[in-house]
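Hi everyone, thanks for making time for this one.

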Amino acid sequence: MNMLKAGGMVIVLFAVSCASAETVAPHCPAVDVRYVGEKADAVRLRVAIFSIINRGEASIELPLERNSTNIIHGRYASTEQRVLNDGAWEEYNPNLDEMLAPRKTMAISPGQEKEFSFDVNGLLLNDRRPEMEYSIVVKAVSGCVYRSLPFNPSR
């Protein structure tokens, strides 16, 4: 019986210590992300081009694909959709592929603007519906998450 109480006490202490552990949220600089067009990459895959402007006071880093100069890593970006100007964003064509971890990053200093490419989860290959709008969500190395302005490549 005493063993049972002691075991229960350990579980309670563990739960309390986990609950009281302090987490520190990263300071996320203000960033603008917008769709600027599309192009064919080196292997003729259609990719969307996005502009990113760092309006904050700290640099940010975006993870890139292993052999790329500016293609954002597929695990650090996703495409979402919604009916034009209405409703909540829903994931568009989730990426379920296994991917190797990124080895490169693109740094964006305060006040700097850069462009990066993303395959927008196949959006440019599939039917582009004019009644929908799309947005990408990118995650920086720091854990900060940024949403692009809404866009529709069919217009």
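Let's begin with Tyr-35, which is partly exposed, with a relative accessible area of 22%. On that scale, buried means under 20% relative accessible area, exposed means over 50%, and partly exposed is in between, using a 1.4 Å probe and protein chains only.

Quick housekeeping. This is a predicted model, so local features need pLDDT of at least 70 and side-chain atom pairs count only at pLDDT 80 or more, while totals for chains, interfaces and linings use all residues. Residues are numbered from 1 along each chain as its sequence is written, and side-chain values use heavy atoms, with hydrogens and water left out.

Okay, the fold. You're looking at one helix and nine strands, running α-β-β-β-β-β-β-β-β-β from the N terminus. Those are DSSP runs numbered from the N terminus: helices are H or I with at least four residues, strands are E with at least two. Of the 155 residues, 35% count as buried.

Now the rings. We pair rings of Phe, Tyr and Trp (its six-membered ring) if their centres lie within 6.5 Å; planes under 30 degrees apart are stacked, over 60 edge-to-face, and the rest tilted. How many aromatic pairs does that rule give? The count is six.

Take Tyr-35 with Phe-50: the centres are 5.8 Å apart and the planes sit at 70°, so we call it edge-to-face. Tyr-35 is in strand 1 (residues 31-40) and Phe-50 in strand 2 (residues 46-54), 15 residues apart, so this pair links distant parts of the chain. Phe-50 is buried, with a relative accessible area of 0%.

Tyr-35 also pairs with Phe-151, with centres 4.7 Å apart and planes at 10°, so that pair is stacked. Phe-151 lies in the segment after strand 9 (145-147), so the pair ties together parts 116 residues apart in sequence. Phe-151 counts as buried too, at 7% relative accessibility. Put together, ring pairs link Tyr-35, Phe-50, Tyr-92, Phe-116, Tyr-134 and Phe-151 into a cluster.

One more thing, out on the surface. Val-43 sits in the loop between strand 1 and strand 2, and at 69% relative accessibility Val-43 counts as exposed.

Last, contacts, meaning heavy atoms within 4.5 Å. Among contacts with a separation of 6 or more, 65% come from residues 24 or more positions apart.
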